[in-house]
Every structure is written in C-alpha cells, then in structure tokens.
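Please keep the sequence and the structure in view while reading.

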Amino acid sequence: MTRSVRFPALQVGGILLGLVLGLGGGALPPLHAQQAPEAPRYTMMFRDVALETALGRVAETTRINLVYDSELVQGRQVYCTARDATPEDLLRCLLADVALDFYETSGGTYVLTDSPRQPSLRGDLTGIVVDARTGEPLSHAHVILATANTGAASNEAGRFQVPGLTSGVHRVVATHLGYEPAVDSVRVLPGDRVERRITLEPTALASKPIVVDGAERHGPEDGLGAPSLGAGELKKTGRMGTPDVLGRAGTRMGVYRQFPRADLHVQGGGAGEHEVRLDGMPIRNPVTLRRLLGAFSPLALDRLTVRKAGFGVEHGSTISGIVSAEHALSTSTPTYGEVTLDPMSVNAEGHGSIDLREGRSAHLRVAARSSVWDVYQDPTLDRLLREWNVVDPMLLSSYFGDGTDLPAFSPVAQTADVGFSDLHAAARVDLGPFRSLSVSGYRGRNHLHTQFVAQDPTGMLTQDRYDWANTAGQARVDWTLGARTSAAVQLRASEHRVHRGYQMTYGNPDPGDSIDGVIDSLQQSLDPSLWPDDRNRIRELSLETTGQYAVTSRHHLKGGVEISRLTSQFRLGGRFLQPTAFEDTRWQIGGYVRDAVSLSVNTTLTAGTRLTYLPIRQTLYAEPRAQLHHEGGAPGLGPYAVRGAVGLYRQFVNRFDASSTSPTAILPSMRFWLPVGAGHAPPRAYHAALNGRVRPHDRWRIAGEAYYKHYAHLLSLDYTALEGDPGTSVAPSDAIAATDGYALGGGLALTRDGPLLQTTLRYDWSRSHRRFPGRFGGERVPVPWNQPHRLSLSTEMEATEALRLMVRGERGWGRSWGFRQTYYDYLGGQSDIEAVLGRSLNAPSTHVLAPRMRLDLGLRYTLQWSDLVLEARLDVINVFDRANPFDWGVRPTDDGMTRTTRRLPGRRAVGGLTVRY
C-alpha cells in the first residue's frame, strides 16, 4: 500500500527529538522551520524511532509532500542526528542505514524507493576505561550501548572497541566490579571514529540497576568463575600474623589452603596443577617461610584473580586453574608511599607519576618486603619450627632395625635461621591516548636453615638447608590499531632455583662435654658424600602476540601466538632413594583463537580453542572450550547472572613433589618442575562448571557454583620406582607414571553489603579422588589435600570513622590421610611398621582427622594528620585456643610406640603499624 504524507498528526510515543539549535546566543528556536530568506534548515534528532514515525515527523515539520510504500518502512528503526539540514539532508540521514533511497518529482513530491547504492558507512566507538582515582586501566570492564543493543569488554590494557554503530547519539554505560557505574552519551557520525576515556569511581557498595531510556539494563556481573581480590583485601593480616597475598585467595569459594601451609588448591586440584602468574610471568614456587607464607609484597599489587573450572582459552593451559596477580601503578592517589610493620616482616612501597611532553606520562611503583627474623623472632613461628624439627622414629628406623626399639632423641639444642625478601618494580608509559608500554620485574629470595642436636642416650646431629629464589621480568606494548582492532606484544622471562641440603650423623660424645663440644664432635664425623644435595632450576623465555578484532558490534574475535623456550635441570637423591637427574631445553609453540558472540545485550557465547605443538613429541594438541554467560532480572528475584562452561585442558609443565625421607627434615618434600617429554603425554582434564549470582535486595547477594573435573590422564611420581640401591640411578621417565581421577564439588555464599556492616557466610563441599601409582591396590582414594566440608564466616563493621572491627571464623571437617605424607609414600605395606602404627597405611580414607575450627578477631584504628595517615591494628588469632590437629606421627615410649598429634598454633595476639604519606 502506497502512503502519501502531508502534515500528518504529531506522534510522540517513544520519539526522541533534538530541538532546533539557535544560530546565535544559544537560544532555542521552535521545532518548526526557521524563517529565512534562503532555503529553510532544520536540526533534528531521532534515536531508536520507527522509520514511519520519523518520516511523518519530518514531513510535518518541513511541510514537504512524501510518498512511499508502507511495506518499505515496516519494522525499521532509525538513528539520525542532523544539524542545520535541508529537507533532503534530513531524508538522507533517516535513510542512511536502512538501504532506502528517494527522488524528487517535477511537482516537488519526494518518493521513497529501494536503494541501488551501497549502505553508508557507520561510525565506530573506541576508548579506554580507567580508575578515576589512580588512572589505572581497568581490564574486563563492560561497556554497554543499550540503545544499540550491543556492547564490549575492555581488554588487558583497559581498551575497548564497538564498531559499526548507527549514526546518532548513544547512551554509554560502563561497569566494573567494585566501581560505581558511569553513564555518558556519545554522538557518532557516519564514517566517524569517536574516542572516549571513561573513568570509574571505586566503591565497596553494589549499585542499583541503571535505567536507560525506560529500558532496564544491568551491568554484567563480574567474577563468575574468576573471583578477584582488590589491593585493600590483599593487605589484610593473614593467619600467620602478616599480610599474605596468596593466603587471601584461600578465602574464596572453591579455593582451599591447608593451614598453616601457603599452598593453594583450586577446586580439588593439586598445588602443582594450577599456575601462579605475576603480570603474565609464571612464578614456579610462590611460597616462602617453610611454605607457610605466600610470595609477593602486598603493597605491590593491585589485584589477584583466581580463574577456576571452565576458564577461557586466552588464559593458558593448566588442568586446575590460574592465579593471576597484577602490579599496581598509581597515577592520582593522594599518597606517595606506605610502610607497614608486623611481627614477621616490614613492607614498604613508593609510587609516583611523571608528565612527559606532548601529553605523555609515566607511572612508577617500587615495593619491597623483608623478614625481621634477625631482629625479632616471632614466638609462634619459632615454636612451630622447633616442634616440627624433631626426630621421626619411623623414618629413623632404617638406621636401627625394625623401629620397635628406638631411643628417644630429645633435643638439647635447636637453631633456626629464617629469611625472605621480595622486591617489585613496575612502570607504565602512556605513549599516547591509546598506546602504552608496561614493564615490571620481581625478585624473591628465601632461606631456611635448621640444626637439631641430641646428646643422651645417643648423640645425633642433623643440619637442614633450603635456599630458593624466583626471578621474573616482562615488557608489554598495547595499542589500538583502529576502531575494530587492538594488539599487544609481551616478552617475558622467569627463573626458579632451589637448593636443598641435608646432613645427619650420630655417635657417642662424652657425656661431660658442653653443647658446643657435642656439636663440634658430631660435625667432625659428618660425611657429606653420603648426603648428596638436591637441586632444581627451571627457566622460561616466552614471546606472545595477541590481537582483537571486532567483526561487528556483537562479534569479537581474539587470538594469540606464543613461542616458549624452557630449560629444566634437577637432581634428586638421598640416603634412601635411587637418585634421578634431568637436564634439557625444549621448545613449545602455541596459539589460540576465540570468538565472543553477543546473542543479546544480556547473553554472550564465547567459544575457542588452544593449539600447542610439542616438537619433542611431534604432536599438535588441541584444547576446545566454550562458555555461555547470561544476565537479567526477574520480579521478586532481582538482577541475576549465570555462567556455564565446558572445556578440555592440558598441562605442559608439571610439578612433582618427592616426600623427604630425612628423619628431621623441616620441609615435607622436595619440589621439581619438568616439561612434558617424549615418554609421557601431557596431563589432560575435562571441565564442566556452573556459576550463578543473584541480588534479591540492594544489600543482599547470593552466589553459588558447581563443578566437575575429570582427570583422564595425570602424571604422578611413582615411589616404588625410586626404591632400591641408592648407588644406582633411575631415569625420570621411569619414576613417573600415568594415573587418573576426578574432582567435583560446589559452594554457596550469602553476603550482606551495607554502609557500616559487611558479612559473608559461605559453605564449600568437595570430593576429589585419584589413583596413586604403586599404592593402595590401584584403587581411587581421596587426595591428601582435600577438605570435604568447610563453613566460614567473615564480618567487618565500621564502628566509627576511625575504628573498624573484624570477625573471621572457619570450621572444616572430613579430611583424611591423618598420618604424615611420608608414611604413605614410603612405609605403606610394611607389616612391621603398620603393626607399630596400629593402622593400615593402605587405607588413608579411614584416617580421618578431628574437625578443625578457629575464630579470629581484629580491629583497625586510623588517625590522620594533614597528609600523614597512621593505622594501628591488633589481631587475636584462634581466640578460643583450639588445639587443631595437623597430622599424626609416632614416638617411642617405655612400652613401645604411641601415636602423637602435631597441632596447629594456638591463641596468639599480633599487632601491626602502617604509615601512609
């Protein structure tokens, strides 16, 4: 049906019109045509308006005759902004993106027709999202253009691109977890490229849903499957009385830390089955202080993210998860540095910015942490080291027979020398509005030396030495090549070295000798050749190039290529095991491609695959993965978000822990890293994960997760292959065997956010079983690190502007493998040993420890004088002095042997002081 329009009635429902702008003085003229001697001109704006309605409005305002077939315009929406335009210009603006054209008859009537020409160019939006206070780029921020029904996420450098936008004015909503949403408007012209710098204000409170033009739009939920901890959270005191970066990750759902050890276990996985990265650099041994404390200075970091089951192809290849830390680079904070002091360490940092010419700038941060053991020995740590540096009679039995008649070696002297340090340096240079260079480096050193001396009835001397260090550096360039394309190149290098030395001797010193005399006498009888040192070093050099391309506003491609060179060396020996050694350099080539498709503003499908080629195996390995993210709102339920993910995961550099056989070893195992070789395929796991979050009220939030991991192929150390003549070596490939297993679990957390009180109640459940080569009859058994049940409560209350109170409580139960790990690794199946223990070491699932429970209290008091801020804190850890068990051992008695329990530290009070300037 053909329709003729001349002065139609005004239609106002859903119409957005720009007022005609005055040509002088900013006066607003009426909506009808301006009267002038020359041809009249008009300024009009239409946004998401039906084309038929817009044409009627143009015809009414300009008083033109317009004829068209109603089927031509049916179902078409338009965006148009025209300033000081003729009627013909208005029609061209309306028809630019709908593939229609028009012509004017000799009688002055305009007729709409199908367009014979190519569609006009659309406009593009590109920009960067930054922290309003620090200027730090914010990765994974969400930029939504609700009126265009599209959006994008910022990349690692905070940059985003939304191409192919219809011309007109668009409302932009930017969101990020922990920040107030920002709302802005941008005007996009055909063929134009609009650049925007969006700043977000940090906030601890959740924002209400944002209403844009009558349509409810909720910012995408962040953190589903990848919870993050901000800088403030990372600085909180840990349960060793000092801030612990990795320890804080253990407070998140699905992440477990077996206190007092700092090792993390992500959703039932082993401590070596996830990778810890700092600005993309792998840190192979991110623990210190007898593995009681995590690496990194808390003052150096801005964020820590734990990527759990179902993480995307762009994050790498591990079979459990990724723990990523990022350096902080402040640009506009009111302070210039910070110093903190606690019973175990001193931390310091300084930062600043430099304005360069032509709008460029540089941002710097240097941070350091050092132990204070040489000045002050924390009593709890000292007692813990002494209690754990004692003779284990079961391991010593190889010296004295079957272990049924061992002397009680009571120490007459014990010494411990502890030291650790971390040094961070990071800088970012903004080379322009959309180009930057970032460099960072890290150096962590640790040493732990202990000595044990017994005199009566038999003299005994043991010396334990551990030294290890992590060194890493990286340089990265990020730039935006166009409205649709961005790229990055990163060069990174890392090295981990560890040296472990253990010596032991025994004799019969003169009972009348002094302690120094006993030590001198026993040291003279040491034979270092009987106690070879263990060593390990792994170096990695990688070059990675990544790129992003927005095919359309709803279709974003991302890909990368990485070339790595790995050099690994280790020697593992001992008094009781066959030695094994390895040294080789291997290359690895990998890459990935990923496509994120916005099915709607609220739903995104992401799918991709990683490809890794191992020259030593002449095999190309694929890791396909996919995830679906949806968010929305429902009456009575509030805004919600759901994420489902599946995928295949492999691991090409593997860690192995060899339990120590030394009777007084202060560390339970020796760790070494080994790239995948010709003899074994890389470990392989399948993930399925479901995450959700709902906010039924502005102050209440419920989060949950469920996961299943099928470990189809694992690599594990086979202790039976290491047993034999210590004078005969064994190849590493012969000491490693294939195995399998699974892990499943879930969790639920209820959080209340308020201006004065924040509380989280969380429950985690997990089940993780696998086979151990040469043990337990080949049956799947629970893994030793798993905590089946964990209930925790965390509350923070702002009593006054200066005083803040904290309560943390946790209860865990169901952990098996009650005896020391070494017993199961070396002593299982020995009937005489099991007779002494009164338990079969072939059934670790029956050795269930008593429940573990603790409650911690803390307070913070802050004072400020001009530019100086002073914060004092006091924490009471394990308020009720619970004697929580860690594991079981044995000790000799007059009647034979009795089972003993090593316990975790009891109640203690620790203080700290922070100065910001």
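**Strands, helices and confidence**

Ala 607 has Ala 626, in strand S36, as its bridge partner. This is a predicted model, in which local features require pLDDT of at least 70 and side-chain atom pairs count only at pLDDT 80 or more, whereas totals for chains, interfaces and linings use all residues. Residues are numbered from 1 along each chain as its sequence is written, and side-chain values use heavy atoms, with hydrogens and water left out.

The bridge between Ala 607 and Ala 626 belongs to the pairing of S35 with strand S36 (residues 619–634), which run antiparallel and are joined by twelve bridges. Strands (E, at least two residues) and helices (H or I, at least four residues) are DSSP runs, numbered from the N terminus, and two strands pair if DSSP finds at least two bridges between them. S35 and S36 form a hairpin with four residues between them, and Gln 618 in the turn has a positive phi of about 50°.

S35 (residues 603–614) also pairs with strand S34 (residues 580–600), in the antiparallel sense, over eleven bridges. Here Val 593 stands opposite Thr 609 of S35. Two residues lie between S34 and S35 in the hairpin that they form.

Elsewhere, five strands make an open sheet with mixed pairing, in the order S16-S23-S24-S19-S20. Strands S16 (228–230) and S20 (281–282) stand at the edges with a single partner strand each, so one side of each is left without a neighbour in the sheet. S16 runs antiparallel to strand S23 (residues 301–307), and three bridges join them. Gly 230 has Arg 303 in S23 as its bridge partner.

Two packed helices are described by the angle between their axes and the distance between the axes. The axes of helix H1 (residues 51–62) and helix H3 (residues 87–95) come within 11 Å and cross at roughly 175°. Axes are lines fitted to C-alpha atoms, for helices over the stretch in contact, and angles run from 0 to 180 degrees between N-to-C directions. H1 is therefore roughly antiparallel to H3, a term for angles over 145 degrees. The contact (heavy atoms within 4.5 Å) includes Leu 51 and Val 58 of H1 and Leu 90 and Leu 94 of H3.

Confidence is expressed by pLDDT, which runs from 0 to 100 for each residue. The mean pLDDT of the protein chain is 84, and 89% of its residues reach 70 or more. Over residues 6–36, however, pLDDT stays under 50.

How values were computed
pLDDT is the predictor's confidence in each residue, from 0 to 100. Angles under 35 degrees count as roughly parallel, over 145 as roughly antiparallel, 65 to 115 as roughly perpendicular and the rest as oblique.
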